[in-house]
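Keep the sequence and the structure in view while reading.

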Amino acid sequence: MDQQITPTGYFDETSCDLDAFVALTGRQLDMADVPHADRVLKNVPVYRINDLQNTLQGESTRRRLMAEWAAVLKDLSGVLVLEGAFPDTGPIDRATDVYNQIIAEEKAQSGGGADHFAAAGSNDRIWNSLQKLCLAAPDVFADYFANYAIDTVCEAWLGPNYQMTAQVNLVRPGGSAQQAHRDFHLGFQTAAECARYPAHVHDLSPVMTLQGAVAHTDMPVESGPTKLLPFSQLYGPGYAAYRLDAFKDYFEDAHIQLPLSKGDAVFFNPALFHAAGANTSSNIHRMANLLQISSAFGRAMESVDRIAMCCALYPVLLDKVLSWVAEIRALEATVSACAEGYSFPSNLDRDPPVGGLAPETQKQLMLRALEEKWSGSKFENALIEQAGRRQA
């Protein structure tokens, strides 16, 4: 992030300079800076995942790709597209069927709640779609998150042991657009509260979270795919600026939108100015699974019952291991989306580090159980015992 000078050590609306912002976001992405990309569209690098399979499989080549993706998210345009992130869209369709069923059930129970960005009836949202999919259809979850490209971009920005969360958004024809904003963490604070955090925390907040969206339907521009302003994540006072009318107006004039196909995914720095577009189509029900992935060192927005998820998912993964249909990296990607990958916080009196610097994680326990082919009951008992040791 560009380091705008702030004599007070804090950012607020007086720190914001529209001319500087316009100049910053007027940059152009050089294709030479994204050698793994297939092409650049409107300053957004597009990566054809089908062409990167060998790159993703090699340790050194994967690391170079991750370094490139991290540079895009941090220092370049702030957003990238994974074209064909799901080369086989079968898992997308199966998950969509489950999500539609969940939407119908939740509307029947509650009378129909609104997405928090649009009027009641325009959109439908499934909070914590990660856990709900896993518990409703663990076999579908296993196939959906056995996605090495998505695992790689998460690790590129956040490092290993990230925390996956997700929310499904279904925007119907006539669904309204959002206003430009930044996301979690500081993007979810009021302007007054945001201004209380020192400037260096404004620099820290974006590296704690990665925003992504998996297209569950084709998304032509008229259906309202996300409006994006490349390079805007570089603006230091941006958590104050996006709330100001002059910056909102400029965003509406300068933003870009890219059509997506079912199975594509877009990932962006949470400090990028962005907003969902209006669905002006007559018949497209735009569905995206919004992935919000957190650093192991941070706090996720949603609470997730990962013990229940692990217990539901383990028998499915064990069957794959026993039948030798599991590719190890896909298996690890699925476990990463489900289990807690970090050792802390814990009660170190009851859960001391043994043979290392930190106690065994939930993710490590699950992978060990799969490798040793434990029964479901043995794994569940070990998982519960581990959770008990971690309690205060």
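Two strands count as paired if DSSP finds at least two bridges between them. By that rule, strand β3 (residues 79-83) pairs with strand β8 (residues 265-268), as four bridges join them. The model is predicted.

**Strand β3 and its partners**

- β3 and β8 run antiparallel.
- Is β3 mostly buried or exposed? Four of its five residues are buried, so the strand is largely enclosed by the rest of the structure.
- In a regular strand, side chains alternate between the two faces of the sheet.

**Helices α1 and α11**

- A pair of packed helices is described by the angle between their axes and by the distance between those axes.
- For helix α1 (residues 18-25) and helix α11 (residues 245-254), the angle is about 25 degrees and the axes lie 11 Å apart.
- Angles under 35 degrees count as roughly parallel, so α1 is roughly parallel to α11.
- The two helices cross in a right-handed sense.

**The contact between the helices**

- Which residues of α1 take part in the contact? They are Leu 18, Phe 21, Val 22 and Thr 25.
- On the α11 side, these residues meet Ala 246, Phe 247 and Tyr 250.
- Six of the contact residues are nonpolar, one is polar and none is charged.

Methods
Residues are numbered from 1 along each chain as its sequence is written. This is a predicted model: local features need pLDDT of at least 70, side-chain atom pairs count only at pLDDT 80 or more; totals for chains, interfaces and linings use all residues. Side-chain values use heavy atoms; hydrogens and water are left out. Axes are lines fitted to C-alpha atoms, for helices over the stretch in contact, and angles run from 0 to 180 degrees between N-to-C directions. Angles under 35 degrees count as roughly parallel, over 145 as roughly antiparallel, 65 to 115 as roughly perpendicular and the rest as oblique. A crossing is left-handed if the near helix is turned anticlockwise from the far one by less than a right angle, and right-handed if clockwise. Contact means heavy atoms within 4.5 Å. Ala, Val, Leu, Ile, Met, Phe, Trp, Tyr, Cys and Pro count as nonpolar, Asp, Glu, Lys and Arg as charged, and the others, Gly among them, as polar. Buried means under 20% relative accessible area, exposed over 50%, partly exposed in between (1.4 Å probe, protein chains only).
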